[in-house]
Amino acid sequence: MAKILVSSCLLGCAVRYNGSHVEVHNNHFDWIIETQEIVPLCPEVVAGLPVPRVPAEISGGRGVEVLAGSAKVLGINNEDLTEQFIRGAKRALQLCLQHNIKYAVLTENSPSCGSDYIYDGSFSGAKIVGSGVVSALLKREGIQVFNQNIVGRLRKLLEVSRDK
Ligand code: SF4
């Protein structure tokens, strides 16, 4: 059994900026939840941001650039939330190191948790290829990050390592 870091909002917790959660209808996701040890986390909430909160997007880059200091996370009201998002990412990494977690399933499109796509910073609904701040940091540290749309790949990996 592997320990998997999972975004709290995928697990029914109403922690998104608008006080909602994300519905997941995916057999592979259900299998992971039922068979693995799940460590839930909302990086934005552990960073001290409230629920509900202003929607935020990465401006001028992706999660990697936020970590490097060349892009920011801005609220729709132009509030600079970069520090809180980096703090949340560091807390996520700390939790992974503490629990020896090698895999994460994080919410796609989020400026924190997105792993393949994030919103482009224009608050228009447009997306770009790239990772949010949490996913960028975890990937950099060798943790494999999946999202709710590609979680079947993680199931395959876990089944192969179980059969060895
Ligand atoms: Fe979900 Fe991640 Fe956003 Fe928290 S930070 S609400 S876990 S997508």
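I start with the largest pocket, which is lined by 28 residues, and R16, Y17, S110, P111 and Y119 are the ones that lie nearest its centre. A pocket, on a 1 Å grid over the protein atoms alone, is an open set of points where a 1.4 Å probe fits, with protein on both sides within 12 Å along at least five of seven lines, and lining residues have an atom within 4 Å of a point. Two elements give two or more residues to the lining of the largest pocket: α2 (43–46) and β3 (56–59). Helices (H or I, at least four residues) and strands (E, at least two) are DSSP runs, numbered from the N terminus. In volume, the largest pocket comes to about 500 Å³. A volume here is the space filled by probe spheres set on the grid points, which are joined across faces, edges and corners. By type, the lining of the largest pocket divides into 16 nonpolar, seven polar and five charged residues. Ala, Val, Leu, Ile, Met, Phe, Trp, Tyr, Cys and Pro count as nonpolar, Asp, Glu, Lys and Arg as charged, and the others, Gly among them, as polar.

Before I go on, two notes on the source. This is a predicted model: local features need pLDDT of at least 70, side-chain atom pairs count only at pLDDT 80 or more, and totals for chains, interfaces and linings use all residues. Residues are numbered from 1 along each chain as its sequence is written, and side-chain values use heavy atoms, with hydrogens and water left out.

Where is the ligand? The ligand takes up the space of the largest pocket; to sit there, more than half of a molecule's atoms must lie within 2 Å of the grid points. Around the ligand are 14 residues, the closest being C9, C42, E44, T107 and C113. A residue is near a molecule if one of its heavy atoms lies within 4 Å of it. This shell divides into six nonpolar, five polar and three charged residues.

Now the cysteines. A disulfide is a pair of cysteine sulfur atoms within 2.5 Å, and by this rule the count is zero. C96 is in no disulfide, and the nearest cysteine sulfur, that of C113, is 11 Å away. Is C96 buried or exposed? C96 counts as buried because its relative accessibility is 1%. C42 is also buried, at 14%. Buried means under 20% relative accessible area, exposed over 50%, and partly exposed in between, with a 1.4 Å probe and protein chains only.

Next, the second largest pocket, with about 150 Å³ of space. The elements giving two or more residues to its lining are α1 (27–35) and α6. Helix α6 gives the most, with three residues. W31, Y103 and L158 are among the residues that line this second pocket. The lining divides into five nonpolar, three polar and one charged.

K156 is in helix α6 (residues 151–163). K156 is exposed because its relative accessible area is 60%. N27, in helix α1, is exposed at 63%. N27 and G152 are 125 residues apart in sequence, yet 8.4 Å apart in space, C-alpha to C-alpha.

Last, helix α5 (residues 133–140) is mostly covered, with six of its eight residues buried. After α5 comes G142, whose phi is positive, near 90 degrees.
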